[in-house]
Amino acid sequence: MAIRNVIREGDETLRKKSREITVFDKRLHDLLDDMQDTMYQHDGVGLAAPQVGVLRRCVVVDVGDGIVELVNPVVVSKAGEQVDLEGCLSCPGEYGKVKRPERVCVKAQDRYGKEIILEGEGLKARAFCHEIDHLDGILFKDLAIEMVDVEDEK
Ligand code: NI
């Protein structure tokens, strides 16, 4: 496993549409392992493959209750709404208020190609939506109601 470089806003890779994954091999597993390492290294709650320069449809999420890997994820239903602050490892130091569904149901595959259905609520729903948006070249700043100055609390 290895830490990969997280690319920043301004790199056109982040604006491209990622391609579906059809081969569930060691290369994919290495990518997912590296994405997990990279996310934890940066204290993120999610990371999408294009953020490490790979235009393939997979994301990792961990909102504090364990790692979730989603390959070819699709939001199949959503309910409610929430507005909260959001940031992104590709836009360090920037935060904005973004409206997201309160609950989502996501259909995806695991790293072996098996179909999985996952539900997310609150922060997890937000993270799923944010990361899946990355696969279509969408950044949270595109959706932000307003950008917010957050004082560094460290
Ligand atoms: Ni992001």
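This is a predicted model: local features need pLDDT of at least 70, side-chain atom pairs count only at pLDDT 80 or more; totals for chains, interfaces and linings use all residues.
**The β6–β7 hairpin**

- Strand β6 covers residues 103-109 and strand β7 covers residues 115-121; the two run antiparallel and are joined over 7 bridges.
- Between the two strands of this hairpin sit 5 residues, and Gly113 adopts a positive phi near 95°.
- Arg111 makes a salt bridge to Glu69, with 2.8 Å between the closest N and O atoms.
- Arg111 belongs to the loop between β6 and β7, while Glu69 is in strand β3 (residues 68-79), so this pair ties together parts that lie 42 residues apart in sequence.
- Arg111 and Glu69 are both buried.

- Helix α2 spans residues 123-134, 12 residues in total, and its first and last C-alpha atoms are 17 Å apart, close to the 16 Å expected at 1.5 Å a residue.
- The helix is mostly covered, with 11 of its 12 residues buried; among them are Ala125, Phe128, Cys129 and Ile132.
- His130 and His134 both belong to helix α2 and are 4 residues apart, about one turn of the helix.
- An α-helix has 3.6 residues a turn, so residues three or four places apart point the same way.
- Both histidines, His130 and His134, are buried.

**Salt bridges**

- Side chains of opposite charge can pair when their charged atoms come close.
- Counting a side-chain nitrogen of Lys or Arg within 4 Å of a carboxyl oxygen of Asp or Glu, the model has 16 salt bridges.
- One of them links Lys141 to Glu94, with the closest N and O atoms 2.9 Å apart.
- Lys141 is in helix α3 (residues 140-143) and Glu94 is in the loop between β4 (82-86) and β5 (95-100), so this pair ties together parts 47 residues apart in sequence.
- Lys141 is partly exposed at 23% relative accessibility, and Glu94 is partly exposed at 29%.
- Salt bridges with shared partners also join Glu86, Arg100, Arg126 and Asp133 into one network.
- Another salt bridge pairs Lys16 with Glu12, where the closest N and O atoms are 3.5 Å apart.
- Lys16 counts as partly exposed because its relative accessibility is 36%, whereas Glu12, at 55%, counts as exposed.

**A nonpolar patch on the surface**

- Leu85, Tyr95 and Val150 together make a nonpolar surface patch with about 230 Å² of accessible area.
- Val150 is found in the segment after β8 (146-148).
- With a relative accessible area of 39%, Val150 is partly exposed.

How values were computed
Residues are numbered from 1 along each chain as its sequence is written. Side-chain values use heavy atoms; hydrogens and water are left out. Two strands pair if DSSP finds at least two bridges between them. Patches are made of residues with over 30% relative accessible area and no salt bridge: like charges are joined within 9 Å, nonpolar side chains (Val, Leu, Ile, Met, Phe, Trp, Tyr) within 5 Å. Accessible areas come from the Shrake-Rupley method with a 1.4 Å probe; for residues, only the protein chains shown count as cover. Buried means under 20% relative accessible area, exposed over 50%, partly exposed in between (1.4 Å probe, protein chains only). The expected span of a helix is 1.5 Å times one less than its number of residues.
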